[in-house]
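Colleague: I would like a close look at one part of this model. Please keep it brisk.

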Amino acid sequence: MVGNVWIGPSASNGAYGKKRSAVAKAAALLVWPTAGRDGDPEDGDAVLDIAADGSGAEAAVRIDEWERKGIWVLRGWGSRGGPSDWTDASLQLQRAGFPGTEEDADNEQGGNCLAKPASDRGKPYLRSEAGGPAMSGPVGVAGAYRANRRFFEVPVFHLDALTVRRTGEGRVPADWSESHPLYRKLYREAVRAVYALGLDYSVVRLSADDQGTIRAIRIRSVSAQDVQLWKSAMAAFADGWRKAVCGCRDENGSGTKKREIGEGSAVGGAVGGHGGSPERRDRWPKIGGVDEIAEHGGRTEASGVGRRSDGRDVRHSGMLLIGADPEFVLLRPDGTIVSADRFFPPTGAAGTDTVRSGTRLLRPIVELRPDPAGDPDGLLRNLWRLLHRASALTAGQPLRWLAGAMPVRGVALGGHLHLSGVELNARLLRTLDSFVALPLAAVEDAAGRRRRLRYGALGDFRRQPHGGFEYRTPPSWLVSPTVASAAFALALAAARDYARLAVTELPTYEDRYRRAYYEGDRALLRDACSRLHDSLERLPSYSGLSRWIEPLFKAIRLGETWDETADFRSKWGVPLP
């Protein structure tokens, strides 16, 4: 029964009554069994919890027990474990980077709204997109009240919006469709809000004005609308979850892991066997593998990036691969930024990234795009080659190369990770938050906390055309090969074994650890990482990845942090000018 999907016990205690929600109706049409009534879910199953009056303490105890056993309980608004009320939700959203203001956002009649009921103050407003500019003008900025607002309702289920529907007076634009810019922005913000609250499904009410400001004004439980939309989304989820679980278990469900490319390989390590922990705040160790990388000319056991030893391309073969596009900035001796497009083309393996300043598009950031690999060593060597290529392009220039989260105030850098050969779902995304984002935050330079309020939100992802996805939460781990290889190994561990973990083993399922991430509470982050390390050691993939992971966790235990003001080239064996 591994990989089955059930409806929660509260469904049999009110949710299937006269006021059934669309979720409950869809579950009935799909003939999903009711947990506790039609049997008991097993490790690897998922249970869709439906909040209902009268679900009672008995159901709550049962849900706690299931989660400890490794069963995924999907929560909606009102479910146990979610926000207690709108005030609680508002605070959680603001901590996750959704600005709160003093403007009223709950008049759904549109038009010019000049009054603001005191009861509606402090509701969170959402940016138009994670880490990007609004349609025009800022989002969630206090000041003069914005006119001509339109109101929308967006049902969200498991990282997807089912539709974007206009509510109140007025009509949508004549060209309204899924490709319309406003539709896409409302879609993204609704999904992001539900995820930030630790939920898997709900209905989000949003407003948008003529300046492009998008605000969350309410989150509510699912009504009786859109049964067919919910049915389609739930059926797709059930199919995807079953495939995801079966993809990392054997046919007997015994938990014996299939061996992915690169797992347990004997590739000469850039981290393993060299201690690898930082000796003090401003000096991560010289990684032993730097010399090995130079000696082997960047080769991996696979004899080519993204290829098997027989030369066949594995990018679309279903094998688990990891890629990346880390960023860094170039600084003159006086500390000012040099535009990256002076030395690098906009596209290519070593290129630039674009940022908007008012109406201008600038390219101040260098972005590296190495080929993917099946293990941390392969990707590390690919990066090493690109760093040397970048060094050749800037040869003779008295520049400093800085990475991290925000080495220059106002310039946020990313260390996005790309995964292919694995199905994206919210359980994997929260595992990546716990495995990658929290440990990196625990050793991040204190200045980096500012990035998390804008570009480093937990659960930030982007689906890719090749079928994989990009995990966009991490900062630029180019500060050290130790940090980089640990990030690669932890992401691979998450992708390989997330379905084996109980959600109670993931710190980011708890609001206190999400709060610690956004507030930079190092003591609580270290506590989360200590708990996480115990879980990591029990995973099948850990033995093959530990040599990359352990140096980072040693640094966390010692209270070390990286220094974003230091030129990172020496740590990668790249000559300084």
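Predicted model: local features only at pLDDT ≥ 70, side-chain atom pairs only at ≥ 80, totals over all residues.

Are Trp 477 and Phe 488 buried or exposed?

Modeller: Trp 477 and Phe 488 are both buried. Buried here means under 20% relative accessible area.

Take the surroundings of Trp 477. Leaving aside residues up to four places away in sequence, Trp 477 touches Ala 324, Pro 326, Leu 383, Gly 415, His 416, Leu 417, Leu 440, Val 483, Ala 484, Ala 487 and Phe 488. Trp 477 is also among the residues with the most contacts inside the largest nonpolar core. That core has 143 residues. Phe 157, Trp 230, Trp 241, Phe 435 and Leu 536 are listed with Trp 477 for their contacts there.

Now the rings. A pair of aromatic rings is described by the distance of the centres and the angle of the planes. The model has 14 aromatic pairs. Trp 477 and Phe 488 make one of them, and the pair is edge-to-face. Their centres lie 4.9 Å apart, with 85 degrees between the planes. Trp 477 sits in the loop between β17 (469–471) and α10 (481–497).

Other rings gather elsewhere. Trp 72, Phe 157, Tyr 201, Trp 230, Phe 237, Trp 241 and Tyr 498 are linked into a cluster by ring pairs. Arg 430 lies over the face of Tyr 195, at 3.8 Å from the ring centre. Arg 430 also lies over the face of Tyr 509, at 5.6 Å from the ring centre.

Next, the strands. Strand β8 (residues 201–208) runs antiparallel to β9, and six bridges join them. Val 204 faces Ile 219 of β9 across this pairing. The hairpin of β8 and β9 has five residues between the strands, and there Gly 212 takes a positive phi near 90 degrees. Strand β9 covers residues 214–220; five of its seven residues are buried, so β9 is largely enclosed by the rest of the structure.

Last, an open sheet of three strands. The order is β1-β2-β3, with parallel pairing. β1 (5–7) and β3 (72–74) are the edge strands, each with a single partner, so one side of each has no neighbour in the sheet. From one strand to the next, the twist averages 25 degrees. Three bridges pair β1 with β2 (residues 46–48). Val 5 has Ala 46 in β2 as its bridge partner.

Note on methods
Residues numbered from 1 in each chain as written. Heavy atoms only, no water. Pairing = 2+ DSSP bridges. Helix = DSSP H or I, 4+ residues; strand = E, 2+ residues; numbered from the N terminus. Axes fitted to C-alpha atoms, helices over the stretch in contact; angles between N-to-C directions. Core = buried A, V, L, I, M, F, W, Y, C linked by side-chain atoms within 4.5 Å. Buried < 20%, exposed > 50% of the residue type's maximum accessible area, 1.4 Å probe, protein only. Contact = heavy atoms within 4.5 Å. Phe/Tyr/Trp six-rings, centres within 6.5 Å; stacked < 30°, edge-to-face > 60°. Lys NZ or Arg CZ within 6 Å of the ring centre and 35° of its normal.
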